[in-house]
Amino acid sequence: MKVYTGGGDKGKTSLFSGERVPKHHVRIEAYGDLDELNSILGVVASLLPEGEQAVREDLETMQSNLFLAGAWLATTPDSSATAYLTALPATVAKDLEKRIDALSDVLPELKEFILPGGQPVAAWSHVARTVCRRCERRLTGLIEAASGGNAELAAIQVYLNRLSDYLFVLARYLNHVLGTADKTWKK
Amino acid sequence: MIGTVPPTYSVVVVGRQWLNEDVFVLICSRPAGFSFLAGQYVTLSLAEGEREYTLLSPPTAPELRFLVKRLKGGRVSGALAELAPGTPLGMGRAMGYLTYRPTDRPVVFVATGVGVAPFVAMVAAGVTGFTLLHGVRTVSALFFRQELSVAAHRYIPCLSGKAEPGIALPALHRGRVTDYVDRTFRPGLYDFYLCGARAMITDMTLLLDELCPEARVYSEAFG
């Protein structure tokens, strides 16, 4: 199967629901940002230290979930194409909360703002967090602009909100296991 | 991103029906647990390699039928053209999104060559009332013309090869499917379904962007 079609050479592309839209369309921007986040999660996974199998599995699950989410963002709500889409697993946000708690358990309590950075893998997790926040902002804009059919988008927004929390904790966790202390913000 | 899919099912060659000297219908057994939507494709695997083929059959069919073009030097299509009944093949799960989506809009199917396969499957599943443009070089490649023209609101064969003596088809268009759309369609709320050669998909998509920017366009390319 070839990757290129040429159908986008003049600046338009197709939504999953069939509409041809400019490549700067709000839905394309939204799922493009999810794609960017997904790619950065791949960078984080590639830099994980040995033995962090549970985190690796977390990241793979997130990458798969972001594919599901991207398909929803690429589809006009209430279109017949939604019949082909798969909802995020119902427990997806709760599952993330459990993992956030598990990672937090080994960390010193946070009392001040910290600077994003430290070990490269942790710094990339911070980058992922910020892109995740941008994804969330795009999504809330989509939800606000659409007239209906947003139940799944609302679920995705909750997931992204929790995911960015996870990525913040993951950055701290990775610095911690690699022996790098949090660097606090000096006013 | 699209990756490879390992065979999920094992099927057996049941038979073969030649439609012209290059194209045949491959008939295979239907494995237990296999489900699909009209218009989807699967990957068939054999010793010579693996290729994607669209199912001609409706979802309820007891056997699976595929439209196969024997390519010059094609290892897989050449092997499929020779396999004896009873030969096992690997088959992946059904894939693809070129499936009929009920709509109030006029529906236009556009195919070139064996790209007509998903529309044959949709018709077998009960879809009617569409316009179908089938672009081929010669009349012998207008596969399933009878079934398609009965189900269609308008069936437009588009012949791009040399004129064939004694051939008179209703609604025949001499030229490519893109020429036909360019000459006859006006802006409107259509649902277009495109299947066939990649060059046609590209040209038609760009044409529709200009001609019918409000149209929905679903497509599946090969080659």
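A residue is buried if 20 or more other C-beta atoms lie within 10 Å of its own, exposed if 12 or fewer, and partly exposed in between, with C-beta atoms placed from the backbone. This is a predicted model, in which local features need pLDDT of at least 70 and side-chain atom pairs count only at pLDDT 80 or more, while totals for chains, interfaces and linings use all residues. Residues are numbered from 1 along each chain as its sequence is written, and chains are lettered from A and ligands numbered from 1 in the order in which they are written.

- Helices (H or I, at least four residues) and strands (E, at least two) are DSSP runs, numbered from the N terminus.
- B:Phe192 is in contact with B:Val108, B:Val110, B:Leu208, B:Ala215, B:Arg216 and B:Val217, leaving aside its neighbours within four places in sequence. Two residues are in contact if their C-beta atoms, placed from the backbone, lie within 7 Å.

**Helix H2 of chain B**

- H2(B) is mostly covered, with 8 of its 8 residues buried.
- The buried residues of H2(B) are B:Ala117, B:Pro118, B:Phe119, B:Val120, B:Ala121, B:Met122, B:Val123 and B:Ala124.
- After H2(B) comes B:Gly126, with a positive phi near 110°.

**Domains and chain contacts**

- Chain B is divided into domain 1 (9–91) and domain 2 (107–222), with bounds that come from an automatic or database domain assignment.
- The C-alpha centres of these two domains of chain B lie 24 Å apart.
- Between the domains of chain B, 13 residues of domain 1 are in contact with 12 residues of domain 2. The domain 1 side of this contact divides into 8 nonpolar, 4 polar and 1 charged. Ala, Val, Leu, Ile, Met, Phe, Trp, Tyr, Cys and Pro count as nonpolar, Asp, Glu, Lys and Arg as charged, and the others, Gly among them, as polar.
- Between the chains, 15 residues of chain A are in contact with 17 residues of chain B. The chain A side divides into 3 nonpolar, 7 polar and 5 charged residues.

**Sheets of chain B**

- An open sheet of 6 strands has the order S4-S3-S6-S1-S2-S5, with antiparallel pairing. Two strands pair if DSSP finds at least two bridges between them.
- In this sheet, S4 (49–54) and S5 (63–69) stand at the edges with a single partner strand each, so one side of each is left without a neighbour in the sheet.
- Strand S3 (residues 41–46) of chain B runs antiparallel to S4(B), and 6 bridges join them. B:Leu46 stands opposite B:Gly49 in S4(B).
- Another open sheet of 6 strands has the order S10-S9-S8-S7-S11-S12, with parallel pairing. Its edge strands are S10 (173–174) and S12 (216–222), each pairing on one side only.
- S11 (residues 191–197) and S12(B) pair in the parallel sense over 7 bridges. B:Tyr193 has B:Tyr218 in S12(B) as its bridge partner.

**Positive phi in loops of chain B**

- Most residues other than glycine have a negative phi.
- B:Phe144 has a positive phi, near 60°, and sits in the loop between strand S8 (131–136) and helix H3 (145–151). B:Phe144 counts as partly exposed, with 19 C-beta neighbours inside 10 Å.
- B:Ala171 has a positive phi, near 65°, and lies in the loop between strand S9 (154–159) and S10. B:Ala171 is exposed, with 12 other C-beta atoms within 10 Å.

**Chain A**

- Chain A has 5 helices and 2 strands, and its elements run β-β-α-α-α-α-α from the N terminus on.
- Of the 187 residues of chain A, 35% count as buried.
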